[in-house]
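Got a two-chain model open on the screen and wondering where the labels come from? Let's take them one at a time.

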Amino acid sequence: MRVTIRLFARLRDIVGAGELVREVPVGATVGAVWAALVTEYPELSPYEKSISCAVNADYSRFAAIVADGDEVAFLPPVSGG
Amino acid sequence: MVPLTAITTAPLDTGALVRALDPAGMGAVTTFIGLVRDHNLGRRVLHLEYEAYDALALRGLDLIVEEAAAQWPAVRLGIHHRTGRMEIGEASVAIAAASPHRADAFSASRYAIERIKQIVPIWKHEYFEGGDVWIEGATADPGNTEARDHALRIACA
């Protein structure tokens, strides 16, 4: 199945794109999507401890299971205001 | 009438936000306006570019309004955050709180700005003399009760 990955700010700069489509196994978690992304872009690795995530524009957790067509977003520490 | 929460690339209109609160019958309105500062950590800032995950950022603002309503039931709160390029002195965020009494209006405004900095997926890209850098603050986790309690303590100090 396929998911769309959304990346922002420094994560987007590292990958060079704000949106990627990737094939993931059925039953994959958000954490597995992130792990596969880190394999592809090892420079993302230091963000492991400080990112948060969202699925379909709702706050989520790394343990959440993703479904076909989901939009999975990884968010570096925020700095609004 | 403008919505009470918004993520927008347009210049912020605090007056319109206050009117959207429909403050007739209230005793107090506080407004907070965050501006692009000309310096940061010893750097001379030239301009900022704000990026947001728009859909989730709007949900984040709505969540803050809900949290504030639970804490201060009589307060009506509005929050608009701007994204895109902003020059020094421009408003990046506008918060307005209407309340029967001033104390709750001040508290709810302060709570809102602290929570924005904790949980709303918006990022500052700072362009300064000699370079540029993404500013990274708090890990966005609305379920982190310790962070929420911290914001509440600041708001009620």
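Q: What share of the contacts in chain B between residues at least 6 apart in sequence join residues at least 24 apart?
A: In chain B, 73% of the contacts between residues at least 6 apart join residues at least 24 apart. Run the count on chain A, again with residues at least 6 apart, and 55% join residues at least 24 apart.

Q: How do you know how far to trust this?
A: Keep in mind that this is a predicted model. For chain B the mean pLDDT is 96, with 100% of residues at 70 or more. The predictor also gives the complex an ipTM of 0.95 and a pTM of 0.96.

Q: What makes chain B as compact as a globular protein of its length?
A: Start with the parts: chain B has four helices and nine strands, running β-α-β-β-β-α-β-β-β-α-β-β-α from the N terminus. For 157 residues the globule rule gives 15 Å, and the radius of gyration is 16 Å, close to that, so chain B counts as compact as a globular protein of that length. Its C-alpha trace spans about 50 × 35 × 30 Å along the principal axes, and 41% of its residues count as buried.

Q: How do you know whether chain A agrees or disagrees with a compact globule?
A: Chain A has two helices and five strands, in the pattern β-α-β-α-β-β-β. A compact globule of 81 residues would have a radius of gyration near 12 Å; chain A has 12 Å, so the two agree. The C-alpha trace here spans about 35 × 25 × 20 Å, and buried residues make up 32% of the chain.

Q: What makes the phi angles of A:Asn56 and A:Ala57 worth a look?
A: A:Asn56 has phi near 50°, a positive value in a residue other than glycine. A:Ala57 isn't a glycine either, yet its phi is positive at about 60°.

Q: Why is B:Val18 called partly exposed?
A: Buried would need 20 or more other C-beta atoms within 10 Å. B:Val18 has 18, so it is partly exposed. B:Val18 sits in helix α1 (residues 14–20) of chain B. Leaving out residues up to four places away in sequence, it touches B:Pro23, B:Val29, B:Thr31 and B:Ala96.

Q: How do you know what span to expect for helix α2 of chain B?
A: At 1.5 Å a residue, the expected span for its 18 residues (54–71) is 26 Å; the first C-alpha to the last reaches 26 Å, close to the expected value. Buried residues in α2(B) include B:Leu56, B:Ala57 and B:Ala68.

Q: What makes α3(B) mostly covered?
A: Of its 18 residues, 15 are buried.

Q: Which residues touch the most other members of the largest nonpolar core?
A: Out of 59 residues, they are A:Leu75, B:Ala57, B:Ala68, B:Ala108 and B:Ala112. Beyond four places away in sequence, B:Ala57 touches B:Ile7, B:Ala52, B:His81, B:Val120, B:Pro121 and B:Ile122.

Q: How many residues of chain A are in contact with chain B?
A: It's 18 residues of chain A against 25 of chain B. On chain A, α1 (9–15), β3 (52–55), β4 (58–60) and β5 (71–75) each supply at least two residues of that side. By class, the side has ten nonpolar, five polar and three charged residues.

Terms used: Residues are numbered from 1 along each chain as its sequence is written. Chains are lettered from A and ligands numbered from 1 in the order in which they are written. This is a predicted model: local features need pLDDT of at least 70, side-chain atom pairs count only at pLDDT 80 or more; totals for chains, interfaces and linings use all residues. A nonpolar core is a set of buried Ala, Val, Leu, Ile, Met, Phe, Trp, Tyr and Cys residues joined through C-beta atoms within 7 Å. A residue is buried if 20 or more other C-beta atoms lie within 10 Å of its own, exposed if 12 or fewer, and partly exposed in between; C-beta atoms are placed from the backbone. Two residues are in contact if their C-beta atoms, placed from the backbone, lie within 7 Å. Ala, Val, Leu, Ile, Met, Phe, Trp, Tyr, Cys and Pro count as nonpolar, Asp, Glu, Lys and Arg as charged, and the others, Gly among them, as polar. pLDDT is the predictor's confidence in each residue, from 0 to 100. The radius of gyration is taken over C-alpha atoms; the globule rule is 2.2 Å times the number of residues to the power 0.38. The expected span of a helix is 1.5 Å times one less than its number of residues.
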